[in-house]
Amino acid sequence: MPIPGSPRITVFPNDEIAARTLASRIAERVTSKPDLVIGLPTGRTPVRLYAELERLCGQGRIDFSRVTTFNLDEFLGIGSDHPGSFRTFMNEHFFTRVNLQTDRIHFLSGAARDCAAECARYEQEIAAAGGIDLLLLGLGTNGHIGFNEPAATLEGRTHRVTLTPETRRANAALFGGDVEAVPKEALSMGMATILQARAIVLIATGSAKASVVDRLLRGPITPELPASFLQTHADCELVLDQAAAEKVTGRA
Ligand code: GLP
């Protein structure tokens with residue numbers, strides 16, 4: 001059931017101010033709960049946020065030493081040290097730039113031979129960490145979150161997914177622009193795993209996201225638009241820049 005008023009919408013003049021504001025809010029959360037469990041996305045959208053968090057960490061305004069992280073997803077069939085892997089992306093943009101402890105960084109392994117066991121391991125580790133306090137999300141132009149692609153039905157828990165051609169195209173930059181080099185499958189947290197996070201903040205910037213942002217807010221709630229399930233979460237916020245909010249500004 002949709003929860004009235006959810007998701008909340010916050011519109012910033014541009015993505016830089018959005019990233020700066022969100023980073024300082026995260027710093028406040030970590031200050032009040034130093035062992036915060038955070039879920040993390042990849043993609044172009046969070047890059048500015050990660051840079052801001054690095055800046056705050058360098059200034060001693062956020063301490064990641066007791067923070068635990070869980071990334072949302074990973075390509076299947078490539079190792080974590082592959083240049084196109086999400087793990088490589090996170091190492092480059094975030095993990096090596098802040099004082100996170102390596103053993104508190106959690107990632108799905110795209111090299112796993114037994115995918116079901118790997119997905120079960122991830123669910124167990126999330127549970128053992130006490131669940132995710134704050135889950136940051138990006139948004140696919142087709143409405144996917146994590147790698148939960150539009151489909152007739154959605155898997156609840158961490159699972160193996162087949163990527164749509166649109167998503168493979170959107171991720172081609174990680175593979176030298178070669179769509180064919182983008183793995184056809186991935187592992188992803190499921191929608192139930194995502195919706196169990198105590199708080200969710202989805203970041204969407206740029207005009208390419210304006211239509212899908214509008215659709216996710218207007219409903220209906222459907223597996224054909226996985227992000228529409230965010231309407232059912234009691235503590236979900238959309239952080240938008242003006243370009244991504246252009247179709248919903250009247251509601252913000
Ligand atoms: C990938 C990731 C998603 C991310 C999406 C959007 O497909 N699996 O978690 O939200 O890209 O990417 P971008 O921020 O580059 O638009």
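# Sheet, pocket and cavities

User: What is the strand order in the open sheet of 3 strands?

Analyst: In the open sheet, the 3 strands have antiparallel pairing. This is a predicted model, in which local features need pLDDT of at least 70, side-chain atom pairs count only at pLDDT 80 or more, and totals for chains, interfaces and linings use all residues. Residues are numbered from 1 along each chain as its sequence is written, and side-chain values use heavy atoms, leaving out hydrogens and water. The strand order is β4-β8-β7.

User: Which are the edge strands of this sheet?

Analyst: Strands are DSSP runs of E, at least two residues long, and helices are runs of H or I, at least four, numbered from the N terminus; two strands pair if DSSP finds at least two bridges between them. An edge strand pairs on one side only, and that picks out β4 (73–75) and β7 (159–162).

User: What is the volume of the largest pocket?

Analyst: A pocket is an open set of points on a 1 Å grid with protein on both sides within 12 Å along at least five of seven lines, whereas a cavity is a set where a 1.4 Å probe fits but cannot get out; lining residues have an atom within 4 Å of a point. A volume is the space filled by probe spheres set on the points. For the largest pocket, this is about 590 Å³.

User: Which element supplies the largest share of this pocket's lining?

Analyst: The lining holds 30 residues, and among the closest to the centre are Arg44 and Lys209. Both α3 (86–95) and α5 (165–170) supply at least two residues. The largest share, 3 residues, comes from α5.

User: Is Asn148 buried or exposed?

Analyst: Asn148 sits in the loop between β6 (134–137) and β7, and a polar atom of its side chain lies 2.9 Å from the backbone oxygen of Met189. Buried means under 20% relative accessible area, and exposed over 50%. Because its relative accessibility is 2%, Asn148 counts as buried.

User: Which helix gives the largest share of the lining of the largest cavity?

Analyst: The largest cavity holds about 60 Å³ of space. Its lining includes Asp15, Arg48 and Val239, and α1 (15–32) and α2 (47–58) each supply at least two residues. The largest share, 4 residues, comes from α1.

Conventions. Buried < 20%, exposed > 50% of the residue type's maximum accessible area, 1.4 Å probe, protein only. Polar contact = N/O pair within 3.5 Å; in protein donor to acceptor, adjacent residues only side chain to side chain.
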